[in-house]
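User: Hey, could you walk me through this model? I'd like to talk about charged pairs and then about strands.

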Amino acid sequence: QVEVVESGGGLVHPGGSLRLSCSIPGVVFSTYIMAWYRQTPGKQRELVASIEPHGITNYAPSVKGRFIFSRDNFKNVAYMDMNNLRRGDSAVYYCNARDFRGTLYGDYWGQGTQVTVSS
């Protein structure tokens, strides 16, 4: 059973920063493509950023230049540093992990963590 463990999130003022963490204990983390999605009520879940096993990143235009996605394959954890947060960044953030070794072996989701940007 693969468990995706999220941490971070919370309430922050506009312009502030937060760090989200996503870990998968007990797996070969370097085979996983990691991603963060976010969702607000009434809207579809949208991709925020992704990071490939060797560190290549991709960002949604709305967060590019403000969010930084990184990973530590030895610690089985990925981090997303969110800077200069805006009210529009408020959402439930979900970590996604895809075990891809030439073919997709598994697609797993965390339970979500709330990020609220408000004064």
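Predicted model: local features only at pLDDT ≥ 70, side-chain atom pairs only at ≥ 80, totals over all residues.

User: What does Arg-19 form a salt bridge with?

Analyst: With Asp-81; the closest N and O atoms are 2.8 Å apart. A salt bridge here is a side-chain nitrogen of Lys or Arg within 4 Å of a carboxyl oxygen of Asp or Glu. Arg-19 sits in strand S3 (residues 18–23) and Asp-81 in strand S8 (residues 77–82), so the pair ties together parts 62 residues apart in sequence. Strands are DSSP E runs of at least two residues, numbered from the N terminus.

User: How many salt bridges does the structure hold?

Analyst: Five.

User: OK, what about Asp-89: buried or exposed?

Analyst: Buried, with a relative accessible area of 2%. Asp-89 meets Arg-38 in a salt bridge at 3.0 Å, N to O. Arg-38 is in strand S4 (residues 32–39) and Asp-89 in the loop between S8 and strand S9 (91–100), so that pair ties together parts 51 residues apart in sequence. Arg-38 counts as buried too, at 6% relative accessibility.

User: And how far apart are the closest N and O atoms of Asp-89 and Arg-66?

Analyst: 2.7 Å, and that pair is a salt bridge as well. The two are 23 residues apart, with Arg-66 in the loop between strand S6 (57–59) and strand S7 (67–72). Arg-66 is buried, at 6% relative accessibility. Through shared partners, salt bridges join Arg-38, Glu-46, Arg-66 and Asp-89 into one network.

User: Switching to strands. What order does the open sheet of four strands have?

Analyst: S1-S3-S8-S7, paired antiparallel; two strands pair if DSSP finds at least two bridges between them.

User: Which strands stand at the edges?

Analyst: S1 (5–8) and S7; each has a single partner strand, so one side of each is left without a neighbour in the sheet.

User: How many bridges join S1 and S3?

Analyst: Four, in the antiparallel sense. Val-5 stands opposite Ser-23 in S3.

Note on methods
Residues numbered from 1 in each chain as written. Heavy atoms only, no water. Buried < 20%, exposed > 50% of the residue type's maximum accessible area, 1.4 Å probe, protein only.
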